[in-house]
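Q: I've got a structure open and I'd like to learn how to read its strands and loops. Can you walk me through it?

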Amino acid sequence: MRKILGLLVALLMLSSIAAFAQDQEEEKSTEIDFSVGSDVVSRYVWRGTDYSMSPSIQPAIEMSTSGFAVGFWGSYSFTGFMGPELDFYLSYTFLDEMLTVTVTDYFFPTEAVATNRYFIYEEDRTGHIFEGSISFNGTENLPLSLMVAANFYGDDARKINDDPNSPDFNTAEGIQYSTYIELGYSMDVKETALEFFAGFTPNKPADADAATGYIGESGFYGHTMGFVNLGLTASKEINITEQYSLPVYTSVIFNPMAENAFLVFGFTF
């Protein structure tokens, strides 16, 4: 209950800040913009975890106006080895694009899970994960970014009762409110944009069972608190014709908690 009340208070505060910022800013254009495109990546690695194990295509569509944006984003493995993903998001950017508040609905459609259907939203059955986040996007003179995100409803990692003598054995006991914090720094070197990032999860460490050594789930990003996403993304545009250039990027990613590392190449069209 305290967590729910805290979330409501936070949302009210963010709404008040957004309203104040909107009153203070100059009147913005009400023109509606649409963007359609896709990325192609050698691996889909998100916040330090591999979700495709193969190349993936990631289409996106967005409508935006006056700082508000609504859109869909997806990821689909070329081999179909891992499950697809379809995300829906709402965001508002204000204070001269310095702050962004976002609510994201993550969904992983798969026929392997009978109850994982898009229009099922009951907390104990849904395949959706709802996340709220707030981001400081930096400024021209301060190229630092900070994002804090937390799951607040749905199929977040759950506490599992692993006591075989309990009537509630092997059942979920509540979501973990998995949280992710990322600090970024950007700079340009000649014609290449560099972005350094460090992602951390503060979730409480899980306790190991004394008899079996089994560690229950403690969060969406890992079984303890720590760094899960360290690395660098380098991006540039390659001229194809006089009128068209292709944005390409490469990321080197380390996940200290999982003791894993990735080198990912992608391009946008």
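This is a predicted model: local features need pLDDT of at least 70, side-chain atom pairs count only at pLDDT 80 or more; totals for chains, interfaces and linings use all residues.

Q: Which way do strand β5 and β6 run, and how many bridges join them?

A: Strand β5 covers residues 68-77, and it runs antiparallel to β6, with eight bridges joining the two.

Q: What does β6 pair with on the other bridges, and in which sense?

A: That's strand β7, residues 99-107: the pairing with β6 is antiparallel and takes in nine bridges. For one example, Ser91 has Thr102 in β7 as its bridge partner.

Q: How many residues of β6 are buried?

A: The cut-off for buried is under 20% relative accessible area. In β6, which spans residues 85-94, seven of the ten residues are buried, so the strand is mostly covered.

Q: And what sits between β6 and β7 in their hairpin?

A: Four residues lie between those strands, and Leu95 in this hairpin has a positive phi near 55°. Leu95 is a residue other than glycine. Its relative accessible area is 31%, so Leu95 counts as partly exposed.

Q: Where does Met53 lie, and what is its phi?

A: Look at the loop between β3 (49-50) and β4 (56-65), where you'll find Met53. Its phi is positive too, near 60°, and Met53 isn't glycine either.

Q: Is Met53 buried, exposed or partly exposed?

A: Partly exposed, because Met53 has 47% relative accessibility, and that label covers values between the under 20% and over 50% cut-offs.

Notes: Residues are numbered from 1 along each chain as its sequence is written. Side-chain values use heavy atoms; hydrogens and water are left out. Buried means under 20% relative accessible area, exposed over 50%, partly exposed in between (1.4 Å probe, protein chains only). Two strands pair if DSSP finds at least two bridges between them.
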